[in-house]
Amino acid sequence: MGQTSDRIEVKDVSIEFPGVKALKEVNCTFSCGEVKALIGANGAGKSTLMKVLAGANPTYTGQVLYNGTPVEIRNPGDARKLGISIVYQEVDSILIPNLSVAENIMIDYLVYDLKGVGVVNWKNMQAKAREVMKELEIDIDVTALVSSLTLAQKQMVVIGRSIVQNCKFLILDEPTAPLSTKETEVLFDLVRKLKARGCGIIFISHRLNELFEICENIVVMKDGEIVGERAVDGVLTINDIVTMMLGRETGEKLDKSGRELGENVLELKNFGDSENRVHDINIYVRRGEIVGISGLVGAGKTELCKSLFGAFGKTKGEYILDGKKVNPSDTGQAVKNGLALIPEERRKEGIFLEESVNRNLSVVTLGRFSKVLGFVNRAKELETAKDKIEKLTIKTPSPNQKVGLLSGGNQQKVTIGKWLDSDADLYIFDEPTKGIDVGAKMEIYKLIVTLARSGKAVIYTSSEQSEILTLSDRIYVMYDGTVQKELNPETTNDQEILFYCTGGK
Amino acid sequence: MNNKEFSARKLLGQWGILIAIAIAFLIFSVAAPRAFLSVDNFITILRSISITSVIAMGATIGFAAGVFDLSFASLATMGAAFSVTFIAWFNMPMPIALLATIACCMLVGFLNSIVVVKFHVTAFLATLAMSFILDGFVLTYSGGSMINPKVDSASGMKVVREVPTAFWNLGKSPYIIIIMFICVIVVELFLSYTKHGRILYMVGSSPQAAKLSGVNTGRYIMLAFFATAIFSAIGGTLIASRAGTVQATAGSSFLMPSIAAANIGFSLGGRGKANALGTFAGAALVGIVENGLYAMAFPYYSINIVKGIILMVALIMSGLSQKSQD
Ligand SMILES: Nc1ncnc2c1ncn2[C@@H]1O[C@H](COP(=O)(O)OP(=O)(O)OP(=O)(O)O)[C@@H](O)[C@H]1O
Ligand SMILES: [Mg+2]
C-alpha cells in the first residue's frame, strides 16, 4: 500500500501546564513499519508527548510534520485523519462501557458512516467486528458489553477499533502494565502482526526487559526532554537504558535483612467470599513477612485482596487476624481491624482525582489531625503531606495540585502514600508497582521491606514474576479463584510459577 | 497558552459571582437609587435571601456528598406545616415543637437514605418519589387547604394554643438574618474545616475510592440526608413564621433558587465543588437581582427570565474556570 515509509516528525514541540514545563522542545521521528519504544521516569512527559500526537493536548507549540509537510493536530479528529490511533494509559477513557464490543469497534461507522435516518445494520456491523477480531486472533464475544470485559480485553477492543479505522500509527501507552506474562505475549503477537502490515507502533512501558522483545529503537525521555535514542542492537543493555533514564546507575540490590518473623498475623482456613469469586483458600502470613501472590489476570488476586478488606461484605470460612476470628462486613471495620489496602485500579479506587495531593494523602489518617471537635489541623496535615511527597519522590508542583493532573506513576505513589502512616498490621499491596518507573520501583520495594522490618505483615500481588521472586519470602500461586500452590522463591523459578499460574498441578 | 488571557479567565471563573454581585449592585444603585440604595432595602434583600440560603445549605451538603436530594423543598413545606401546627393543634411549647419538627424531617431523611443506600436507588429518583409523597402528605395533613394557625383546620383539628410572638419573631429581621448567617457559618466550618466535611467531599468525588480508604460511605450518605433534612426543617420554620400561614406549595418555590444558588456557588474561589460561602453568594446574587428588578418596577412576571439568564451565565462561567484548570 503506497510507500511504506510514512513518517511523523516532531519538531521543537513544547507544552506547559500551570507549574510544569511538561515538554521542552522535543524532536523525534516515528516511521511506519517500526516499533519504537518511548521510555522515561514517571512524569518525564511520555504520555504528554503522545497526547500531542493524538490531538488531546491542543495547546502545544512547535511543529509536527507528516512526510515532511507541516500538519496541525489540534483535536482527536485531526489525529484520526492522519491515521494516528492511541490506546491510553487509562484504557477505559475511550471506550463506551454500556455498548457492546461490536459497537465500540465500529464506532466510526456509527458516528460518521450512518446516513439518513441512521438505521443500524446490526448483522453487518457485528460481522465486520467479528472479522476484525478474527483477523487479529482475539477471542472476545462481540455482543458482550464492554463493561463486562477485563482490562486486557478492553485493550484488545481499542486495538481492534484502530484497525477498523485503518490506522498507520498506533500508540500504546503502557499497555502491558495491567497484564501478566501470558497476556503480554498475546499483545506482542498482535503488535508484530500490525508491524508486518506496515503499521508504525509507539510503545511505552516501564518493564524494560519487554522492550528487547519487540522494539527496534528506544527513545529515552527525562524531565520533558529527549535525552537519547538507541537501537536495540544486542549491545544495548537494561543498565544502559536505566542510566540514560534516571541520569544515574542503579545496580542496587534489594536488602531484605533485619526482619524477624513473628507469630501469624493472618490465617485463612477454607476462606471464600459470599459469591465464590474466591474460594477454599488456606494461607497464613506472619509478622515481618512478605508474602507474594502470583497469578494471571483474572486468577482472583484482586478479589482475594478485596474480600480480605471487607469490600465484598461478609466472607465464608475462617478468617483469623492476630489470633482473633473476624469477619469485617465493610471496609471501615477492616481498617479498624488493622488492615491497609493499596488497590489495583488507582484512578477508580485508589485516589480522588478531583482532590489535591495533600487531601488524598491524609484521607486515611484524617482522624489524627482532627482531635478537637473534628476540626482538621491543616498545618499538621500539610506538613505530613510534604513529608510523604519527599519520601516517595512524588513529582508534583505543589501539595495542592489536583491528583488527576499528575502522571500515572505519581498517582500510584499517592495511592501508596495515604496508607504509609496508618497503624495497620497487615498491608495488602495489589500490584503496587503497576506503571511505576524502575527507580521508583526500588523505592517502593525498600518501603515495603521497611514496613516488614517494623513488624508489619505484607501481602503483595503482582503479575510480574521477577518482582515476586525478588521481594517475597514465600509465594502463593493463584489459579481460578483459589490458591493452587505454595512456592519457595529460593528454589523456584519463572517457569515453575508460570506452570502453576496456568493451572498446572 | 497566553498567560494574561489565562489569568483573566481564571479570575472570571473563580471570582465571577462576586464581580457579578458588585456589577448588579452598581447598576441598580444608579438605575433606582431611591428604591434600591438604602439601609432598609439592604436589610430587605438579606431577609429575602435568608430562607433560600438556609434551605440551600442542606442542598449544598447533599451536593458535596454527591447526593442530589430533590425532596428538600417538599420537606421544607412539611417543616413549615409541622412547626406551626405542633404548637397550635398539638399544644406543644415552642422549643419542643421546633425540635419535634426537626426530628420528623430527619426521619424522612433517614427513609431517603435507606432507599438510596440499602436499596441502591439513585438519589435523584428516590427523592423525586419522596417529594410526591411529602406533598400529598402535607395536603392530607392540612385537609387540602392552607394552614392558618389562628383558625380551626379543614381536617378537623382545633386550635388549642396560641402561637407565641417569639415564633413570629423568627421570621422578622434581625432574627431571620442572624439565623441565616449562623447556618452559613456552621456549614462552612463543617464542610471545609472538619474531618467529616472532608470525608463527605471524598465520598462525593469517588465513592469507590472512599470505600477502599476504609470510609463507611453509606453512613456519610445518610449524614448528608440528615443535614439536608435539618436545614429543610429550619427553613420550613422560617417560612411559616414569616408568612403566618402555610400553603401547600410554600416550600416548592424555593426548590429552583436553592439548586441554582448552590450550583452558582461551585466556582467560588476556584473550589470547584458545592460550598457554603459560594451558595450564600449565589443566593445573594439571585436576591439582589430580583430585588433590584422590583425596585426598577420591572414587571414581576418577567423576572424569572432574568433569573434564568443569570443561572445560565453563572454556570457557563464556572464551566470556564473548570476548563482553565484542565
Ligand atoms: N493536564 C495537565 N495539567 C497539569 N500538569 C500536567 C497535565 N498533564 C500532565 N501534566 C504534568 O506533566 C508532567 C508529565 O506527565 P506525563 O503524564 O506525560 O508523564 P509520563 O512520562 O507519562 O509519566 P508516567 O510514566 O508516570 O505515566 C507531569 O509532571 C504531570 O504532572
Ligand atoms: Mg504516562
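A residue is called buried when its relative accessible area is under 20%, exposed when that area is over 50%, and partly exposed in between. The exercises below concern a predicted model.

**Exercise 1. Classify Phe25(B) and Phe42(B) by their accessibility, and describe the geometry of the aromatic pair that they form.**

Step 1. The relative accessible area of Phe25(B) is 26%, so this residue is partly exposed. Phe42(B), at 43% relative accessibility, likewise counts as partly exposed.

Step 2. A pair of aromatic rings is described by the distance of the centres and the angle of the planes. For Phe25(B) and Phe42(B), the centres are 6.2 Å apart and the planes stand at 85°, an arrangement that is edge-to-face.

Step 3. Because Phe25(B) belongs to helix α1 (residues 3-31) of chain B and Phe42(B) to helix α3 (residues 39-64) of chain B, the pair ties together parts that are 17 residues apart in sequence.

**Exercise 2. Describe the shell around ligand 1, starting with its composition by class and ending with the polar contacts of its oxygen atoms.**

Step 1. There are 20 residues around ligand 1, and those that come nearest are Lys46(A), Ser47(A), Thr48(A), His206(A) and Gly409(A). By class, the shell holds seven nonpolar, eleven polar and two charged residues.

Step 2. At least two shell residues are supplied by each of β2 (20-31), α1 (46-53) and α16 (408-417) of chain A, with α1(A) giving the largest share, three residues.

Step 3. Oxygen atoms of ligand 1 lie 2.9 Å from a backbone N or O atom of Gly45(A), 2.7 Å from a side-chain N or O atom of Ser47(A), and 3.4 Å from a side-chain N or O atom of Glu174(A). Taken alone, ligand 1 exposes 640 Å², of which the protein buries 92%.

Note on methods
Residues are numbered from 1 along each chain as its sequence is written. Chains are lettered from A and ligands numbered from 1 in the order in which they are written. This is a predicted model: local features need pLDDT of at least 70, side-chain atom pairs count only at pLDDT 80 or more; totals for chains, interfaces and linings use all residues. Side-chain values use heavy atoms; hydrogens and water are left out. A residue is near a molecule or strand if one of its heavy atoms lies within 4 Å of it. A polar contact is a pair of N or O atoms within 3.5 Å; within protein, one must be able to donate a hydrogen and the other to accept it, and residues adjacent in sequence count only if both atoms are side-chain atoms. Accessible areas come from the Shrake-Rupley method with a 1.4 Å probe; for residues, only the protein chains shown count as cover. Helices (H or I, at least four residues) and strands (E, at least two) are DSSP runs, numbered from the N terminus. Ala, Val, Leu, Ile, Met, Phe, Trp, Tyr, Cys and Pro count as nonpolar, Asp, Glu, Lys and Arg as charged, and the others, Gly among them, as polar. Rings of Phe, Tyr and Trp (its six-membered ring) pair if their centres lie within 6.5 Å; planes under 30 degrees apart count as stacked, over 60 as edge-to-face and the rest as tilted. Buried means under 20% relative accessible area, exposed over 50%, partly exposed in between (1.4 Å probe, protein chains only).
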